[in-house]
Amino acid sequence: MSEGQTGGNYSELIKIAKGLADSEVVFRGTFVNSTPWWGGNYDGNVLELEGEQNPSYAYVTMPEAKSITGKTVWFMRTVRGDDFLKEMGISDDERSRQRSKVSVIVRGQPVRVDLDSGKADGKDVLYLKKKDLKTLDEAVESKGGKVYKLCTENEMKEIEEFLSVFCIPRVFLRVGDTLSKAYKSSGGFDSRYPKFLEVIPKLPVKPNTVSFEVEVRAERGSESLAMEFTKGLLFTMYYLGVGNGANRGFGRFKLIKVDKAREGITTDPRKVLESFTPFKRDDSFPSYKGKLELVRMKGGVEKVLNCVGEATTKVKWKTQPRSCGKDLDTWVLGLPRKGKDSIKGCNSVDTKEAKQIAGDMFNEFATVKGNQVNVESGYSFFIGKREVSRRQSYVVLSVNEEGGEHVVYALKFIPDKPDTEVVTKGFFVGLHGHQSANNCKIEVKDVLSKVNAVVLNKLIDDAIDRVKDYLVKCRSQGGSSQGRGTGRGQGSGGYHRGPYHYREGRRGR
């Protein structure tokens with residue numbers, strides 16, 4: 001056989017192999033983020049800095065195939081049940097586990113960003129740039145080092161873009177402490193500079209800056225299974241999102257190019273939404289119960305995300321109308337986070353009712369030593385004696401582009417049997433009193449003992465109604481119903497943008 005014949009045969013084999021590989025593809029398309037992307041590497045940062053000391057460039061992390069697959073698998077469990085996963089070869093039992101019949105591949109070129117200008121290939125990517133750090137420092141200095149005041153009293157236009165995302169409650173909660181630590185010790189801008197560099201990679205990146213190709217492949221004979229999975233993937237990217245803050249509107253991706261889609265796969269967002277109807281699982285795993293349109297808003301997506309963030313905080317619920325925190329069941333939204341609270345100088349501490357309600361769990365979240373009271377305020381949930389560190393929201397709030405405006409949807413994922421069968425105890429904990437108070441009181445509410453399927457659905461519907469009411473009010477007042485704010489009290493000076501304030505050092509709940 002001549003050398004020419006050998007080369008020709010090899011090329012033909014490559015062509016055949018490529019054709020076989022392409023025959024396994026049921027979908028291939030390119031996505032771009034329609035809301036800020038807030039993914040993270042192993043350090044939880046959105047950016048990978050290039051160099052350790054005073055870097056000039058960074059790379060934006062992209063969603064990974066395993067993250068997209070994992071979120072899609074979770075969604076498919078809520079709309080098709082566990083039998084669908086078994087068909088795919090996915091099982092909780094390692095002995096029966098096999099290679100999945102469907103695979104997801106993500107391809108993309110990492111975005112290299114100039115940290116000084118915040119640009120990549122001429123496009124704005126970052127909300128905070130190195131060139132603005134001096135201005136940011138001067139702004140915080142003018143507020144006496146109180147970072148949270150930037151969200152209520154800023155006069156410097158140079159950092160407005162940064163504040164548009166930084167003051168969104170979920171972002172402030174995660175990033176605010178990092179910036180605040182720069183002002184814990186004496187020193188000037190140069191000494192604080194390293195802390196500023198820690199803030200930049202923790203922030204989300206702007207919409208329309210992160211794009212990548214997603215490919216879904218199927219083993220021979222599993223094409224229909226892969227097509228159904230692809231619909232779930234498209235639903236996930238459009239409406240559930242990936243990365244940090246996805247339950248509150250971050251990390252949504254729109255399809256901008258379709259290279260291949262098997263007949264029967266719809267890529268229109270509204271038709272994708274219609275592909276899935278409420279599902280009944282008859283167990284304590286969440287099942288999809290449909291979506292509701294809450295509000296339509298014009299303007300920047302950051303304004304909408306800020307309204308969404310504020311609408312889900314107990315601090316805002318307390319003012320609409322003003323009411324006691326224990327009577328507001330925000331726990332069905334998977335929040336709020338717990339906070340440390342303490343009072344020193346109580347002449348007496350009333351714990352009688354709290355101990356009657358909490359029983360032997362009281363000491364898990366409260367201590368009284370002399371005239372000082374310390375509690376872990378907010379919600380505490382337990383499985384037996386083990387505390388549950390985080391509770392998944394029954395409601396996903398999605399922010400999507402439609403017709404030149406943003407639509408906020410509420411998507412409900414509710415177990416048919418309350419997961420109180422799994423999570424055995426849950427309490428709301430509050431502390432009343434103040435420095436040198438005559439009387440202090442620890443307040444406890446058992447939030448799970450009387451919860452059944454009917455009660456749970458009512459609590460969720462009530463929560464969605466409260467969120468909707470706030471969003472409508474927020475829209476009418478230009479993006480925040482009471483001015484820009486984080487919606488949370490902070491350890492560096494408790495803050496609440498409402499008719500009353502939390503005292504110094506107390507977290508809003």
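Here is a chat about a predicted protein model, its helices, its disulfides and one of its sheets.

Q: Hi! What should I know about the model before I start?
A: This is a predicted model, where local features need pLDDT of at least 70 and side-chain atom pairs count only at pLDDT 80 or more, while totals for chains, interfaces and linings use all residues. Residues are numbered from 1 along each chain as its sequence is written, and side-chain values use heavy atoms, with hydrogens and water left out.

Q: Thanks. How many helices and strands does the protein have?
A: The protein has 14 helices and 19 strands. Both are DSSP runs numbered from the N terminus: helices are H or I with at least four residues, and strands are E with at least two.

Q: And how much of it is buried?
A: Of the 509 residues, 52% count as buried. Buried means under 20% relative accessible area, exposed means over 50%, and partly exposed is in between (1.4 Å probe, protein chains only).

Q: What share of the contacts join residues at least 24 apart?
A: That share is 73%, taken among contacts between residues at least 6 apart in sequence. A contact means heavy atoms within 4.5 Å.

Q: New topic: disulfides. How many are there?
A: The structure holds three disulfides, a disulfide being a pair of cysteine sulfur atoms within 2.5 Å. Counting bonded cysteines along the chain, the pattern is 1-2, 3-6, 4-5.

Q: Where does the pair of cysteine 151 and cysteine 167 sit?
A: Cysteine 151 and cysteine 167 have their sulfur atoms 2.0 Å apart. Cysteine 151 is in helix 5 (residues 150-153), and cysteine 167 is in the loop between helix 6 (160-166) and helix 7 (169-181), 16 residues apart. Both cysteine 151 and cysteine 167 are buried.

Q: Is that disulfide left-handed or right-handed, and why?
A: The torsion about the S-S bond of cysteine 151 and cysteine 167 is about -90 degrees, so the disulfide is left-handed.

Q: OK, and which parts does the link of cysteine 307 and cysteine 474 tie together?
A: The sulfur atoms of cysteine 307 and cysteine 474 are 2.1 Å apart. Cysteine 307 lies in helix 11 (residues 301-311) and cysteine 474 in helix 14 (residues 453-476), so the pair ties together parts that are 167 residues apart in sequence. Cysteine 307 is buried, at a relative accessible area of 0%, and cysteine 474 is buried, also at 0%.

Q: Where are cysteine 346 and cysteine 440?
A: These two form a disulfide with their sulfur atoms 2.0 Å apart. Cysteine 346 is in the loop between strand 11 (339-344) and strand 12 (348-350), while cysteine 440 is in strand 19 (residues 439-446), 94 residues apart.

Q: What does strand 19 pair with?
A: Strand 19 pairs with strand 12 in the parallel sense over three bridges, and six bridges join strand 18 (residues 425-432) to strand 19, running antiparallel. Two strands pair if DSSP finds at least two bridges between them.

Q: How do strand 4 and strand 8 pair?
A: Strand 4 and strand 8 (residues 211-218) pair in the antiparallel sense over six bridges. Valine 104 has valine 216, in strand 8, as its bridge partner.

Q: Last one: what comes after helix 9?
A: Helix 9 is followed by glycine 241, whose phi is positive, near 75 degrees.
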